[in-house]
Amino acid sequence: MSPVPPERHLLRAKDMADAHFREPLDVPALARAAYLSPAHFSREFRRAFGETPHQYLLTRRLERAAALLRGTDYSICDICFDVGLRSVGSFTTSFRRVYHMSPAAYRAAHPARERARVPTCVLQAYARPHSSSFREDRNAA
Amino acid sequence: MLKQLTYVQVWVHDQDEALAFYTDKLGMELREDVTVPEMGNFRWLSVGLPGQEVSITLMAIPGPPVFDEDTRDQIQKLLAKGASGGLFFTTDDAQRSYEELKERGVEFTQEPMQQPYGIDAGFRDPSGNHFRMTQLPS
């Protein structure tokens with residue numbers, strides 16, 4: 001049998017972030033899914049996907065939060081916790097950095113309307129914000 | 001004009017592993033398994049869902065003379081990184097199919113979820129190809 005390319009293990013960790021972002025997931029947990037040490041995992045993940053695992057997980061959570069802001073009337077606090085974040089203040093700061101407005105302003109700017117029936121996996125892939133520099137990365141590569 | 005879609009191709013990392021996955025785990029049937037010595041032991045391997053004519057060819061990523069080593073390596077990495085596209089299936093019962101496939105060891109990327117278009121779930125094959133299965137509204 002051919003050896004498994006290392007990127008396949010990194011993809012498993014990326015899938016884990018997509019599927020379990022609601023849980024208290026962190027980089028060491030993702031690294032375990034890829035059978036790598038956290039430091040090596042972060043370097044290899046960035047090499048393969050162009051961003052750190054922390055950036056990926058955070059932007060996945062922000063993408064899901066944005067979807068909930070657009071599609072539900074959940075409170076901002078509930079949405080913050082629902083996407084796996086534990087601090088409303090940090091959530092609001094990260095959200096504003098990525099979407100250039102507060103969660104409340106984002107919701108007001110995106111009223112519910114009929115949308116095309118695009119598969120969820122496509123929506124999640126295309127709607128995830130580009131990761132920029134997050135201050136969180138300094139301590140959580 | 002075009003009449004019918006007969007084959008779709010997916011790249012696979014290992015044909016034997018893929019064949020076992022698509023038949024034993026996903027329940028597809030083997031359609032063709034032909035090795036051609038005069039073509040460098042090229043192996044034409046196809047599977048399909050019982051009752052549906054369209055086949056899936058499980059294609060190994062070739063080296064020279066088809067692709068140079070760099071190109072083969074790039075495709076291999078893209079496949080392993082999940083960047084190779086996907087296929088969409090339907091199912092009569094997404095939750096039941098999910099439980100059956102999970103029991104067989106299929107790697108799911110998403111549990112069944114209610115969506116505007118039905119209930120769907122996502123999974124991968126051992127190579128990294130991404131698939132969806134959707135239970136359409138009755």
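A residue is called buried when its relative accessible area is under 20%. Keep that cut-off in mind for the views below, which show a predicted model.

**Figure 1. A:Phe21 sits in a loop of chain A and is buried.** The loop that holds A:Phe21 lies between H1 and helix H2 (27-33) of chain A. Is A:Phe21 buried or exposed? Its relative accessibility is 3%, which is under the 20% cut-off, so A:Phe21 counts as buried. Who are its neighbours? Leaving aside residues up to four places away in sequence, A:Phe21 touches A:Met16, A:Leu57, A:Arg60, A:Arg61, A:Arg64, A:Val83 and A:Gly84. Look for A:Cys80 in this view too: 59 residues separate A:Phe21 from A:Cys80 along the chain, while their C-alpha atoms are 12 Å apart.

**Figure 2. A:Asp18 is a buried residue of helix H1 in chain A.** You can find A:Asp18 in helix H1 of chain A. Its relative accessible area is 18%, and the limit for buried is 20%, so A:Asp18 is buried. With residues up to four places away in sequence left out, A:Asp18 touches A:Tyr56 and A:Arg60.

**Figure 3. Helices H1 and H3 of chain A cross each other.** Two packed helices are described by the angle between their axes and the distance between the axes. Here, helix H1 (residues 6-20) of chain A and helix H3 (residues 38-49) of chain A have axes that come within 10 Å and cross at roughly 95°. The two helices, H1(A) and H3(A), are therefore roughly perpendicular to each other. Which residues make the contact? From H1(A) come A:Glu7, A:Leu10, A:Leu11, A:Ala13 and A:Lys14. From H3(A) come A:Phe41, A:Glu44, A:Phe45, A:Arg47, A:Ala48 and A:Phe49. Sorted by class, this contact of H1(A) with H3(A) has seven nonpolar residues, four charged residues and no polar ones.

**Figure 4. Chain A as a whole is built from helices.** Step back for a moment, and you will find eight helices and zero strands in chain A. Of its 141 residues, 45% are buried. Now take the contacts in chain A between residues at least 6 apart in sequence: 65% of them join residues at least 24 apart. Chain A exposes about 7500 Å², and carbon and sulfur atoms supply 55% of that area.

**Figure 5. Four strands of chain B form an open sheet with mixed pairing.** The strands of this sheet in chain B follow the order E1-E4-E3-E2. Which strands stand at the edges? They are strand E1 (7-12) and strand E2 (29-36) of chain B. Each has a single partner strand, so one side of each is left without a neighbour in the sheet. On average, and ignoring direction, neighbouring strands of the sheet are turned by 25° against each other. Helix H1 (residues 15-25) of chain B packs on this sheet, where it touches E1, E2, strand E3 (42-48) and E4 of chain B. The direction of this helix makes about 10° with that of E3(B).

**Figure 6. E1 of chain B pairs with E4 of chain B.** Strands of a sheet pair through backbone hydrogen bonds, either parallel or antiparallel. E1(B) and strand E4 (residues 55-60) of chain B pair in the parallel sense, over six bridges.

**Figure 7. Strand E8 of chain B is largely enclosed.** How many residues of strand E8 (residues 130-135) of chain B are buried? Five of its six residues are, so E8(B) is largely enclosed by the rest of the structure. Strand E5 (residues 86-90) of chain B pairs with E8(B) in the parallel sense over five bridges, and B:Thr90 stands opposite B:Thr134 in E8(B). Strand E7 (residues 118-124) of chain B pairs with E8(B) in the antiparallel sense over six bridges. There, B:Gly122 has B:Arg132 in E8(B) as its bridge partner. The hairpin of E7(B) and E8(B) has five residues between the strands, and in this hairpin B:Gly128 takes a positive phi near 115°.

Figure 8. Chain B has three helices and eight strands. Its C-alpha trace spans about 50 × 35 × 30 Å along the principal axes. Of the 138 residues in chain B, 43% are buried.

Notes:
Residues are numbered from 1 along each chain as its sequence is written. Chains are lettered from A and ligands numbered from 1 in the order in which they are written. This is a predicted model: local features need pLDDT of at least 70, side-chain atom pairs count only at pLDDT 80 or more; totals for chains, interfaces and linings use all residues. Side-chain values use heavy atoms; hydrogens and water are left out. Axes are lines fitted to C-alpha atoms, for helices over the stretch in contact, and angles run from 0 to 180 degrees between N-to-C directions. Angles under 35 degrees count as roughly parallel, over 145 as roughly antiparallel, 65 to 115 as roughly perpendicular and the rest as oblique. Contact means heavy atoms within 4.5 Å. Ala, Val, Leu, Ile, Met, Phe, Trp, Tyr, Cys and Pro count as nonpolar, Asp, Glu, Lys and Arg as charged, and the others, Gly among them, as polar. Buried means under 20% relative accessible area, exposed over 50%, partly exposed in between (1.4 Å probe, protein chains only). Accessible areas come from the Shrake-Rupley method with a 1.4 Å probe; for residues, only the protein chains shown count as cover. Two strands pair if DSSP finds at least two bridges between them.
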